[in-house]
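This briefing covers charged and aromatic side-chain contacts. The sequence and structure come first, and the contacts follow by topic.

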Amino acid sequence: MAQDKDADHVTVKAVRPFDGAEGYKDEASQPFSVHSRRAAELKANGLVEECAPPPAVKAAPAPDNKMAAEQANKVAPTTTVRRIKD
């Protein structure tokens, strides 16, 4: 079984639609984590298959050049023109 962070949980993906304690799941649903006993029950009923946990999302590294050019779509401040009546 594909193990999650918790040793008692596994990651599974729905292969048929079902509505259970996890909510409605179907073939288009993202993989989800369940207790290993629940995973065995769902698998025995032909509703899920085991899969690898999704990879952790990593933040993009900060740019090295702190003097980089400003954004191209940045709008320069406008000056106001005051008209005087004669």
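Lys25 lies over the face of Phe32, 4.6 Å from the ring centre; a charge sits over a ring if NZ of Lys or CZ of Arg is within 6 Å of the ring centre and within 35 degrees of the ring normal. The model is predicted, so local features need pLDDT of at least 70 and side-chain atom pairs count only at pLDDT 80 or more, while totals for chains, interfaces and linings use all residues. Residues are numbered from 1 along each chain as its sequence is written, and side-chain values use heavy atoms, with hydrogens and water left out.

**Aromatic pair**

- One aromatic pair is found in a search of the whole structure (ring centres of Phe, Tyr or Trp, the last by its six-membered ring, within 6.5 Å; planes under 30 degrees apart are stacked, over 60 edge-to-face, the rest tilted).
- The ring centres of Phe18 and Phe32 are 6.4 Å apart and the planes stand at 45°, so the pair is tilted.
- Distant parts of the chain are linked by this pair: Phe18 belongs to strand β2 and Phe32 to strand β4 (residues 32-35), 14 residues apart; helices (H or I, at least four residues) and strands (E, at least two) are DSSP runs numbered from the N terminus.
- Phe18 and Phe32 are both buried (buried is under 20% relative accessible area, exposed over 50%, partly exposed in between, with a 1.4 Å probe and protein chains only).

**Salt bridges**

- The whole structure contains three salt bridges (a side-chain nitrogen of Lys or Arg within 4 Å of a carboxyl oxygen of Asp or Glu).
- Arg38 and Glu22 form a salt bridge, with their closest N and O atoms 2.8 Å apart.
- That pair also links distant parts of the chain, since Arg38 is in helix α1 (residues 36-44) and Glu22 is in the loop between β2 (18-20) and β3 (23-25), 16 residues apart.
- Arg38 also meets Glu41 in a salt bridge, at 3.1 Å from N to O.
- Arg38 and Glu41 are three residues apart in helix α1, so about one helical turn separates them.
- Glu50 and Lys43 meet in a salt bridge at 3.5 Å, N to O.

**Accessibility of the charged residues**

- Glu50 is partly exposed at 29%, and Lys43 is partly exposed at 45%.
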